Amino acid sequence: MNESALCTKTHEYVLEQGDKYEIGITDYAIEQLGDIVFIELPEVNAEFTKNEVFATVESVKAASEIYMPISGKVVEINEEIVNSPELLNDEAHADKWLIKVESNADQVEFADLLDYSDYKEEIE
Amino acid sequence: MTKQTFIHDRHVELGAKMVDFAGWHMPVQYTTIFEEHHTVRNSVGIFDVSHMGEIIVKGPDALKFLNKVVPQDISKLVDTKAVYCQLPNYNGGLIDDLIIYKLEDNKYLIVANASRIDEDINWLSRNKFGYNVEIIDESHNYSMIAIQGPKACEYVQAQGISSLPRFFSIEKGSIFGIELWISRTGYTGEDGVELIMKNEYAVKVWDKLLETGTAYGLKPIGLGARDTLRLEAALHLYGNDLDENTTPIEAGLKWSVPADKIDDYNGKSVIMNQIKNGVKKKLIGLKMIDRGIARHGYEVFYNNEKIGVVTSGSPSPTRGDNIALAYIKNLDNLTVGSTIQVSIREKLYNAEIVKKPFVDKRNK
């Protein structure tokens, strides 16, 4: 995954891309989940606050709720992975983001997010 | 303190993801659940199931005693035969489900769920009064390895297993020069055997299996695939699909409860009454119609009324759809083919009642 992303302790990431943010789950989360079989994403235009559940990712064993790392309004969802959730497990597949959002999040919202290297330390 | 099987370190060396299960540190998967599942359906897989309990019941009253604690008629069990049965409480609810093997006259082996060994021993001991019988928990002395899949029997025979028992039978035998019990049983819906051996031999057998099994595509399989395999075969998991408030009749296990058994046994009046007059709840198989996975604890609806709860649910790697077992109210109009709903994250999703098992390999 892109190592300039910021991560949550609950294993989501957010990556700034121009005027939008890409949100997904970390490579560590994917590895822990194992075979991913189902992804439920919100509708475009849905709005969420920071730490709110916005998606569900299911492995064979369990359903996991995914939390917003920052507040924002959904502008795009990754239809490809909704239709083929197993792409998340495919190391060769690049586009593993879940949603893209527009956000007015201030510094306070970013304060508890971790650099990828700090996140890696945290989970070890 | 989490317990470890004698093969534990091998799982770690193989890179398995380990989890706590029923107080044991067990491998949930070595590669992926899907891959391991297909290995067992298409060739052969081995499972470390040493966490399972082994209880010996012996003595002059062993038969009479067992007939008092299970609905099956143990007097019909001939030497080396095994039978699937349950341990009901006085209300017909289930303390555990078991396999009982007749080793010889007056000596039986019970294989029990890891999570229930203590309860089983307590219950058997409570019922022992007046019977000349010994109940010995041998769980800590024995290891168990299951070998399952369409190529399992061919494979073990090629390894010179001394004798392959008939289905649901057990024989004393040997493989790789090691003396052990060979049981033609399993928990996957596939043919295969389960080897029960003294702990000291477990690692050697495990290593030899992995070493000699390559040509057959033999792989180690974790508890994750064990669960999807048993669910496809609609085999009950104690704690999910069976508990102390559920009778064998409600659980769809009437086939394991003889109607003509003469001896009285715990829970018999409740169980016989249900056979005669019907049950209020019943276990059904579900296949999701809408996109969504029904899981343990999710509620089941019909006409916007709650009628039950899912007890086991997961994707079916063999079928490619999402399946579940659920207890629902025993309504006459709900049968195979009916559409009901499962509540997933507060939304209702359509599901169809289907025949069990979900995958039937034995009749093919």
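**The A–B interface**

Between chain A and chain B the rule finds four salt bridges, a salt bridge being a side-chain nitrogen of Lys or Arg within 4 Å of a carboxyl oxygen of Asp or Glu. In one salt bridge, Lys61(A) meets Asp227(B), with N to O at 3.8 Å.

Some ground rules. This is a predicted model, where local features need pLDDT of at least 70 and side-chain atom pairs pLDDT 80 or more, while totals for chains, interfaces and linings use all residues. Residues are numbered from 1 along each chain as its sequence is written, chains are lettered from A and ligands numbered from 1 in the order written, and side-chain values use heavy atoms, without hydrogens and water.

In contact (heavy atoms within 4.5 Å) are 17 residues of chain A and 17 residues of chain B. The buried area is about 1,400 Å², 48% of it from carbon and sulfur atoms; that is accessible area, 1.4 Å probe, lost by the two parts on being put together and summed over both.

Now H7(B), residues 223-232. Helices here are DSSP runs of H or I, at least four residues, and strands are runs of E, at least two, numbered from the N terminus. How many of the 10 residues of H7(B) are buried? Nine are, buried being under 20% relative accessible area with a 1.4 Å probe, protein chains only. Among them are Arg226(B), Arg230(B) and Glu232(B). The cover over the buried residues includes helix H2 (33-42) and strand E16 (305-315) of chain B. After H7(B) comes Ala234(B), with a positive phi near 55°.

Key
Buried < 20%, exposed > 50% of the residue type's maximum accessible area, 1.4 Å probe, protein only.
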